[in-house]
Amino acid sequence: MTGITVQDIVDALSPERETLNCDPVCLTVGGHVVEVRCKSTSLLAELLRYFQHVISAPSTPDRIVHVLGPAELPFGPQYTDWERETGKSGRKDAVCDLENGRLILKVRTGLQFLQSPDWAIAFGPTDDHPNQVINFINTQFLNHFQRQGWVACHAAAVRTPHKGLAISGLSGGGKSTSMLRLMELSGTQYVTNDRLLVRNAGNSTDALGIPKLPRINPGTIVTNARLAGLIDEEREEELRNLEPDELWHLEEKYDLFIDDIYGPGRISHDAQLTDFWVLNWSRDSADATEVSKTDLKDRPDLLSAIMKNPGPFYQTPQGPFWPMKTPLDTAAYLDALDGVQVWEVKGLIDFDALFEAGAELLGQTP
């Protein structure tokens, strides 16, 4: 524990004074209202475009996020690297624990965040890294609902009036591509791309997506005709000329605005979850793609693909922040997903075959 306090940081940054003349923007998801106060007009314009589908009328917020832009603390916090999940390498986050609060540093960009029960403040080169500010805002929704007993799944999801389908798998396993293919079905709506909150509601399973738009890789773009034009023609042509293995492993991300691509009214973050695909397929498999029922109680390997560590920003209802490498509560996930039909997708990675299975499952037509 450092000798720095939350109040020391607030006194140094003066967030309320710095954002006094900002136009506040209210965002509402699942009835929870987050108000954003952003000093930078250019960054605010980006946030307004990004969150346009969840902007709500001004009201008393449950949480206020102050985005200050360039600012420096008059003291040097002692940061400790946050250990990344198994399979992930490189430094990403560092934390400095305070009494009832935490400073988080994004190592690669220099952005800093104060997270505490009373304050959510972003400062540093925020204009240069809007996606990290967007993630910080979305973290406030995730934290609130996890404190209410929802579990966070590493999943994409779509819904219809009668079905809700989530998709998990190993990173890069094709969940975003699969989800976007299903958006071609009439009557489907986008729920989420990467984080899905779930809780057992007794006779049904509630699901809630956060307002995080898909960040898709080049392979998703060049294999989906609807996404043509999302990047410039020259780059798209370069991507199409790559070998399949090169394309699969390429680390590039592009934001996809659902309303721009699929039209208005195609987003609904609330859903009743009925089915869950877990992608356990392979590009090297000699077997045809198969979608078969399974039970998570007997498949801890599949459950591990669904569960998601809350990360360094999450403060538990009891007060302490989530400790590094704390085991997740598998029983809580099994309870939340009780009543949801889980399917294992195995064999060859074949998005056309999976699309047909999805159309049948959801009872929708292209």
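**A strand pairing, its sheet and a helix crossing**

Val-151 stands opposite Val-198 in strand β14; strands are DSSP runs of E with at least two residues, helices are runs of H or I with at least four, and both are numbered from the N terminus. The model is a predicted one, in which local features need pLDDT of at least 70 and side-chain atom pairs count only at pLDDT 80 or more, while totals for chains, interfaces and linings use all residues. Residues are numbered from 1 along each chain as its sequence is written, and side-chain values use heavy atoms, with hydrogens and water left out.

Strand β14 covers residues 196-200 and is joined to β10 by 3 bridges, the two running antiparallel; strands pair if DSSP finds at least two bridges between them. Both belong to an open sheet of 4 strands with antiparallel pairing, in the order β10-β14-β15-β18. At the edges stand β10 (151-153) and β18 (270-272), each with a single partner strand, so one side of each has no neighbour in the sheet. From one strand to the next, the twist averages 30°.

The helices α3 (residues 41-50) and α4 (residues 130-147) have axes that come within 11 Å and cross at roughly 55°. Axes are lines fitted to C-alpha atoms, for helices over the stretch in contact, and angles run from 0 to 180 degrees between N-to-C directions. Leu-43, Glu-46, Leu-47 and Tyr-50 of α3 make the contact with Pro-130, Val-133, Ile-134 and Ile-137 of α4, where contact means heavy atoms within 4.5 Å.
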